Amino acid sequence: MDSTGKRALGATAPQFRTRLLAWYDANARDLPWRKDHDTYRVWVSEIMLQQTRVAAVIEHYHEFLRRFPSVEKLANARQASVLAAWSGLGYYRRARMLHAAAKVVVRKLRRRLPQTAVGWRELPGIGRYTAAAIASIACGEAVGVVDGNVERVLQRLGGEPIRGEALWGASEKLLDRARPGDFNQAMMELGATVCTPRAPTCLTCPLIELCATRGELNGAEKGVRQKKREIHYALHRRDGAVFLVQRPKDVSLMAGMWELPEITPPGKNRGPAFTVRHSITVTDYTVHVWSTAPPNDHGQWISVTGLNRVALTGLARKILKKVESTKEAT
Ligand code: ADE
């Protein structure tokens, strides 16, 4: 690490905090979970924000909280309703864990949400990052966080690919102990909007003078290569209903959720009704949707008007939305 990087992560920490927080105060995005520090709401937002873009979270956040406005309402809900409200956010294990954790809070903690990162980590689905994020943002505990954005910011500032425990140490050392929640969100915000993975806008960065890299750090940030796959689905409609199948309950991805029946492509002399693109984790899917009857009847007719009460996979919801918007439905 050169002297600039050392300064950024050590001697000039007070200057670093002042600059970062002044920038955050002037530039923070107006995100719904930043409006109040209600612990339950911050918790829900942090679970949704794991592996999901802020824009997609905003679309679902209000509706989820309308359906489950308190930890009691969430704990008492049926799992199918929770999954239905989660539909479109993906990574459904998060929703199952959130539901399980709400039950623990209501049944074992007498409705009292934890107030410290150590307490949060005891709940299902809460790892080190999420515990620190909730405890600092909602409870004001002075604990640093490291997520992908913070990692990149710290690496570029320091000018070397620090990893693991050293990242947590750096985050803790820089933390503004008077405003830990704002500081942590400011680090994430800087990574998401200025110190971006590609083409960071260093000229607008409040920390440019403290940064050892001022650009992309060579070799430190390797992109994950996306896989490509084609899949085919049958779109089978009748009297305002659509034919859907349920995924097995014992698969790891989207267990028990509803989707269109997958088929082999029905021959070369006709084409699909339409094609959509969809990404799940490291796979980019090209999805062909055929207007055809599925080859088997292990499914159910579900009325188009009742679809928002069903736990659809994000891809099924995307396809059915497209069908509706092109007036092919009903
Ligand atoms: N990513 C995870 N938590 C976040 C937050 N509170 N603000 C912005 N991005 C985030």
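Start with Arg-34 and the ligand: in this predicted model, a polar atom in the side chain of Arg-34 sits 2.9 Å from a nitrogen atom of the ligand. Next, select Glu-46. An N or O atom of the Glu-46 side chain is 2.9 Å from a nitrogen atom of the ligand.

Now show the rest of the shell. Besides Arg-34, Glu-46 and Tyr-129, the residues around the ligand are Trp-33, Leu-49, Ile-137, Gln-185 and Met-188. By type, the shell holds 5 nonpolar residues, 1 polar residue and 2 charged residues.

Which helices each supply at least two residues of this shell? Select α3 (39-49), α9 (128-139) and α12 (180-193) to see them.

- Select strand β2 (residues 237-238), which pairs with β3 in the antiparallel sense over 2 bridges. Within this pairing, Arg-237 has Val-242 of β3 as its bridge partner. The hairpin of β2 and β3 has 2 residues between the strands, and Asp-239 there takes a positive phi near 45°.
- Select strand β7 (residues 300-303), which is antiparallel to β3 and pairs with it over 4 bridges. Here Val-242 has Ile-302 of β7 as its bridge partner.
- Select strand β4 (residues 258-259), which runs antiparallel to β3 and is joined to it by 2 bridges. Look for Gln-246, which stands opposite Trp-258 of β4.

Finally, zoom out to the whole chain. It has 13 helices and 7 strands. Along the principal axes, the C-alpha atoms fill a box of roughly 70 × 50 × 35 Å. The chain has 330 residues, of which 50% count as buried. Its accessible surface comes to about 16600 Å², and carbon and sulfur atoms account for 51% of that. Among contacts between residues at least 6 apart in sequence, 68% join residues at least 24 apart.

Methods:
Residues are numbered from 1 along each chain as its sequence is written. This is a predicted model: local features need pLDDT of at least 70, side-chain atom pairs count only at pLDDT 80 or more; totals for chains, interfaces and linings use all residues. Side-chain values use heavy atoms; hydrogens and water are left out. A residue is near a molecule or strand if one of its heavy atoms lies within 4 Å of it. A polar contact is a pair of N or O atoms within 3.5 Å; within protein, one must be able to donate a hydrogen and the other to accept it, and residues adjacent in sequence count only if both atoms are side-chain atoms. Ala, Val, Leu, Ile, Met, Phe, Trp, Tyr, Cys and Pro count as nonpolar, Asp, Glu, Lys and Arg as charged, and the others, Gly among them, as polar. Buried means under 20% relative accessible area, exposed over 50%, partly exposed in between (1.4 Å probe, protein chains only). Contact means heavy atoms within 4.5 Å. Accessible areas come from the Shrake-Rupley method with a 1.4 Å probe; for residues, only the protein chains shown count as cover. Two strands pair if DSSP finds at least two bridges between them.
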